[in-house]
Protein chains: 2
Amino acid sequence: MIKKISIIGSGNVATHLGLAFKYSGVKIQEIISRNKESGFALSKKLDCMFNNQFANFLKTDLIIICVKDDNIKEVIKKLPNISMIHTSGSTDISVFDGRKNTGVLYPVQTLKKEIKIEFKSIPICIEANNEVFKKKLISLGNKISNKIYYLNSFQRKHIHLAAVIVSNFSNFCYIIAKKHLDNYEIDFSLLIPLIIKTANNITESDPIDNQTGPAKRGDNKIINEHLKMMKNKNYKKIYQLLSQNILEEYEK
Amino acid sequence: MIKKISIIGSGNVATHLGLAFKYSGVKIQEIISRNKESGFALSKKLDCMFNNQFANFLKTDLIIICVKDDNIKEVIKKLPNISMIHTSGSTDISVFDGRKNTGVLYPVQTLKKEIKIEFKSIPICIEANNEVFKKKLISLGNKISNKIYYLNSFQRKHIHLAAVIVSNFSNFCYIIAKKHLDNYEIDFSLLIPLIIKTANNITESDPIDNQTGPAKRGDNKIINEHLKMMKNKNYKKIYQLLSQNILEEYEK
């Protein structure tokens, strides 16, 4: 059983995961991070040691790598030969290159240090390179979340792609709308109930059935009026492309 | 004071508005609709008369026009000279062309007959062609919603444009993600907590500060991998355009 862990990184994922494990009773041994400021701050939050050297690691059951995707490979090279996992949606498990117990614990959520989150409801995708370690990781995952999925690297990468679309692109739509309304000093918060309801509708029915609006209705008059109303050329292009695709989707 | 109303139309807006008024104690006189089936069904729900003829209107304090934007003008021509409003986000108040008491009551929400909604929390944009009627409409709106805004046609049209972007485009992102995962038989519902959290984040901070993901980080490697993973050419184009715009937004 995994009773104590060390975390590499002190960013958004390291922070939320560290706190979730701490609250679930798993001991955090140390935070290992090149960033002295955020690393030390996180170690204080988690009541553990801070290691800035990537050397003299404390004895631990598992190292969790929470660094940028591009740095995972390089970090692995510096680690002693103990069980280790990364938390990336898009990085293949093969990145560990023959080490004994390796795996992935990918939380499917948009995590920002500053924004609180109830970790129990976050789906976690687990992968492991052997059956014994798989069981250990699932049991570890269950301590912080009620929703553990076992997926291979291929499936996880597609989940990550889909997550970018539903989360990053939706949020960018909110940004476009806010910037548009800001031009006319119209209060963006008027749209909050609509945004929340649109998201919540997917818990009741398939998004295909939830679509509304001028493009769904094939209302080209409104679409053209809206295009004329938009000042920003790039946003206009986005409005046009998305409307065109919705039109085609529902013409079928 | 407006004590009894008639509603023209029997679609999504007519249904939700009719029910909200009924529950608030406003008497619905009749449903006027060319669609016999849905019109009669709605009149039964609202416990009122059904009129399929656009003639012999029952005496009422207000007619609420809930038809497709393109049909509003034509419907107005058929109406007797009493107070009337439409419920369209994108139609100018000038459509009423000189009638005495005219206005708008635009609920900023995505409404589908089949999906229940708590009307009290829906923002409603009101407009009227004179001060006395304005007060009456605001008082009527207050019966069904806690969030009444008085906006002119110009402002309302921009709210409607922004509503399309935050709601219709976000939902289309959910569709793209679902269709993508369906190709690999991966469960879309895994993304539900992420979708809900992304929407809820705007209640805590500005969407500009909530953006995450590869495009925000300038991670072109992941973006290119995702583009290779997408089969549908149109969806790929959308991924590319949105990522490009997010990249530019955060490069500034």
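Tyr106(A) has Cys125(A) as its bridge partner in β7(A). The model is predicted: local features need pLDDT of at least 70 and side-chain atom pairs count only at pLDDT 80 or more, while totals for chains, interfaces and linings use all residues. Residues are numbered from 1 along each chain as its sequence is written, chains are lettered from A and ligands numbered from 1 in the order in which they are written, and side-chain values use heavy atoms, with hydrogens and water left out.

Strands here are DSSP runs of E with at least two residues, and helices are runs of H or I with at least four, numbered from the N terminus. Two strands pair if DSSP finds at least two bridges between them. β6(A) and β7(A) are joined by 5 bridges in the antiparallel sense. On β8(A), Cys125(A) stands opposite Tyr149(A), and β7(A) and β8(A) pair in the parallel sense over 3 bridges.

How many residues of β7(A) are buried? The count is 5 of 5, where buried means under 20% relative accessible area, exposed over 50% and partly exposed in between, with a 1.4 Å probe and protein chains only. Ile124(A), Ile126(A) and Ala128(A) lie on one side of the strand, Cys125(A) and Glu127(A) on the other.

The whole sheet of chain A is open and mixed, with 8 strands in the order β3-β2-β1-β4-β5-β6-β7-β8. β3 (49-51) and β8 (148-150) of chain A each have a single partner strand, so one side of each is left without a neighbour in the sheet. Elsewhere in the sheet, β1 (residues 4-8) and β2 (residues 27-32) of chain A run parallel, joined by 4 bridges; Lys4(A) has Lys27(A) as its bridge partner in β2(A).

The next residues involve both chains. His160(A) is found in helix α5 (residues 153-183) of chain A and is buried, with a relative accessible area of 10%. Leaving aside neighbours within four places in sequence, His160(A) is in contact (heavy atoms within 4.5 Å) with Gly89(A), Ser90(A), Tyr106(A), Ile222(B) and His226(B).

The largest nonpolar core has 111 residues, and Leu191(A) and Leu191(B) touch the most other members. Such a core is a set of buried Ala, Val, Leu, Ile, Met, Phe, Trp, Tyr and Cys residues joined through side-chain atoms within 4.5 Å.
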